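Here are some notes for a first look at this model. Please read them with the structure open.

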2 protein chains.
Amino acid sequence: MKIIDQMQKENIDTLLILNPHNINYLAGFMPSAASILVVKDEPVLLTNQMDMEDAILNSKIPVEKFKSLKELKKSLNGVIGLESSMNIQTFERLKKDAAFETKITGIVEQMRSVKTNEELKNIEKALEIAEKAFKSTEFDDSKTENEIGAEIEYNMRLNGAKKASFDTIVASGKRSSLPHADVSMNKLERPIVIDWGALYNNYCSDTTRTIIETERHEEIFDIVLEAQKSAITAIKPGVKVCEVDKAARDVITEYGYGESFIHSTGHSVGLEVHESPSLSKRDETVIEKGMVLTVEPGIYLKDDFGVRIEDMVYVTNKGRVLNKIDAKINI
Amino acid sequence: MKIIDQMQKENIDTLLILNPHNINYLAGFMPSAASILVVKDEPVLLTNQMDMEDAILNSKIPVEKFKSLKELKKSLNGVIGLESSMNIQTFERLKKDAAFETKITGIVEQMRSVKTNEELKNIEKALEIAEKAFKSTEFDDSKTENEIGAEIEYNMRLNGAKKASFDTIVASGKRSSLPHADVSMNKLERPIVIDWGALYNNYCSDTTRTIIETERHEEIFDIVLEAQKSAITAIKPGVKVCEVDKAARDVITEYGYGESFIHSTGHSVGLEVHESPSLSKRDETVIEKGMVLTVEPGIYLKDDFGVRIEDMVYVTNKGRVLNKIDAKINI
């Protein structure tokens, strides 16, 4: 098992996995309540009675009932690897009178950043479902943002998604200048920023389209699109993700809107919609074949409007866009 | 400010709030990305550029741009209160070369457990929306569990919910024996356990109904209902939540199904669907007027079927059920 090699490199004797997505990645079973995957030569998934039946059916790793943290601690020694997402309450209980050392590690998150073919297929299917739902949605001005969001999510479910991979954003008119605006009960205005995704077989898609109206909208739209293309072209194995961010940011800055591009250029996506690495100024992760990254520059003009365009990109020897629907939409 | 008094009692000089629900509770603004609320005599909400516009509009607490953890640390001294949900990566960065002590506290969670009248109204509205959506859903056997789940969520949105307060569970036939089964793509069988809720103005509802068919289903249903009534009757100010759990558990145990009631009896609900306290064997929290608790006993018969009934209860001088739809449904 590859993970054991990596643990040896990091001098970790036992790895404790609590993050449900990490458990799902390694064991093929998504816990619904607190479970602990103990990774060592003979790994074991400790779960509670509520998940027991499901876990036994689906886990690739032997399942035992979780008794208590006290019991678990007795079996631990040497250096124990912990996920950065562990909360300090659990950490405090774990460390109390402990006969072992602990160390934060991102082993599983790093494994997850490079997708297998099977994972890619799930992501592509999630994207297909999401795009189909988008195409069957009518952006009729008599509808509210909330109704559009509800409709897209309903359509994704009917197309086979387990649910939306995150809360759909429908931000129209002035609200389009708020990058994380979810939905309001206002009727649609223009432009309309729609940021949505489907969850299929536990994998996420994540896409944004902006439906524009005026020449001023189009002017901004074209800058964002140029920035996005520049970033996509910059994606190849061996390049740092911060360089991809720079490729998008430089274009927007050249046009004088650098201050209005107020987030990073993208992120890895898989079992979670936001995974590591982040395509940001400070992330120096080197791109590898098999990564799936979003590229989503935006320009946000306060009290006026905003534009964001987001596609999903799979890394081969270059960046291959997975989305099928055009960036510019004629509605 | 009540929170400052409580901080003094716990000898906390400054409280750092990162949990977005806690920030929302205190500042009236729900951050979409990492923000820190620094609670002291002159509290301040540190937020990033992406949330800035929204935060300035909506926060009851003065907003400043978050610069860096390093900057923030310079301003901290004495005893710093932290939430139990803080992750160990943030904790490690915070503690490095720190000139202050830290202490885990549940001050805000404790405040949140007792609802104001305004909070109760939001919860009641969320419940009203959820029940209306349930009533307008046709449990037609030609539909899949997923379709029913999608329909309930869509109807809640059209009735004014921002979204479902958690992933709707529609577990039918054998799957009803899995307490956390979300939905499958299978067509509906009987019984059908539906566990659903709406989010309205950031507040959650949470209800479960089981649609039964056979006499055997009814036999189990009646035991669960008796257990639920017993627990609801046990709710009053001054009683420990574990006693409410016991009231339900005793009934189910008397009928010989104690081993098949594999979760706790309920939980507090508010801004989050699962809040503290938990109506479980080990939680000794004393019930107070103004709490909103779910009461949701269940019996799960492996490879056969399951029944769960869940209502929301508001604590006055007794437990007042907020739900309007009957436990037993004739469909």
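How much area do chain B and chain A bury between them, and what share of it is on carbon and sulfur atoms?

1. The interface. This is a predicted model. Chain B and chain A bury about 3800 Å² between them. Of that area, 59% is on carbon and sulfur atoms. Three residues stand out on the chain B side: Met50(B), Ile88(B) and Arg157(B) supply 20% of the area that chain B buries against chain A, more than any other three residues. By contact, 42 residues of chain B touch 42 residues of chain A.

2. Salt bridges across the interface. There are six salt bridges between chain B and chain A. Please look at the pair Lys162(B) and Asp182(A), which forms a salt bridge. The closest N and O atoms of Lys162(B) and Asp182(A) are 3.7 Å apart.

3. Helix 8 against helix 8. Two packed helices are described by the angle between their axes and the distance between the axes. Take helix 8 of chain A, residues 145-158, and helix 8 of chain B. Their axes come within 9 Å and cross at roughly 180°. The two helices are therefore roughly antiparallel to each other, given that angles over 145 degrees count as such.

4. Who meets whom there. On the chain A side, the residues of helix 8 in this contact include Asn146(A), Glu147(A), Tyr154(A) and Arg157(A). On the chain B side, helix 8 brings, among others, Asn146(B), Glu147(B), Tyr154(B) and Arg157(B). By class, the contact of helix 8 of chain A with helix 8 of chain B has six nonpolar, four polar and eight charged residues.

5. A helix pair within chain B. Helix 8 of chain B, residues 145-158, also packs with helix 7 of chain B, residues 117-135. Here the axes come within 8 Å and cross at roughly 130°. That makes helix 7 of chain B oblique to helix 8 of chain B. The crossing is right-handed. Ile129(B), Ala130(B) and Ala133(B) come from helix 7 of chain B, and they meet Ile152(B), Asn155(B) and Met156(B) of helix 8 of chain B. By class, this contact has five nonpolar residues, one polar and no charged.

6. How many salt bridges does a search of the whole structure find over all chains? The total is 42. One to check joins the side chains of Glu275(A) and Arg112(A), at 2.7 Å from N to O. This pair links distant parts of the chain. Glu275(A) is in strand 14 of chain A, Arg112(A) is in helix 6 (residues 107-113) of chain A, and they are 163 residues apart.

7. Backbone points to inspect. Most residues other than glycine have a negative phi, and most peptide bonds are trans. The bond from Ser276(A) to Pro277(A) is cis, with omega near 5°. Pro277(A) lies in strand 14 (residues 275-279) of chain A. In chain B, the bond from Arg190(B) to Pro191(B) is cis, with omega near -10°. Pro191(B) sits in the loop between strand 8 and strand 9 of chain B.

8. Positive phi. Asp303(A) is not a glycine, yet its phi is near 60°. Asp303(A) is in the loop between strand 16 and strand 17 of chain A. Asn202(B) has a positive phi of about 75°. Asn202(B) lies in the loop between strand 10 and strand 11 of chain B.

How values were computed:
Residues are numbered from 1 along each chain as its sequence is written. Chains are lettered from A and ligands numbered from 1 in the order in which they are written. This is a predicted model: local features need pLDDT of at least 70, side-chain atom pairs count only at pLDDT 80 or more; totals for chains, interfaces and linings use all residues. Side-chain values use heavy atoms; hydrogens and water are left out. Axes are lines fitted to C-alpha atoms, for helices over the stretch in contact, and angles run from 0 to 180 degrees between N-to-C directions. Helices (H or I, at least four residues) and strands (E, at least two) are DSSP runs, numbered from the N terminus. Angles under 35 degrees count as roughly parallel, over 145 as roughly antiparallel, 65 to 115 as roughly perpendicular and the rest as oblique. A crossing is left-handed if the near helix is turned anticlockwise from the far one by less than a right angle, and right-handed if clockwise. Contact means heavy atoms within 4.5 Å. Ala, Val, Leu, Ile, Met, Phe, Trp, Tyr, Cys and Pro count as nonpolar, Asp, Glu, Lys and Arg as charged, and the others, Gly among them, as polar. Buried area is the accessible area (1.4 Å probe) that two parts lose on being put together, summed over both. A salt bridge is a side-chain nitrogen of Lys or Arg within 4 Å of a carboxyl oxygen of Asp or Glu.
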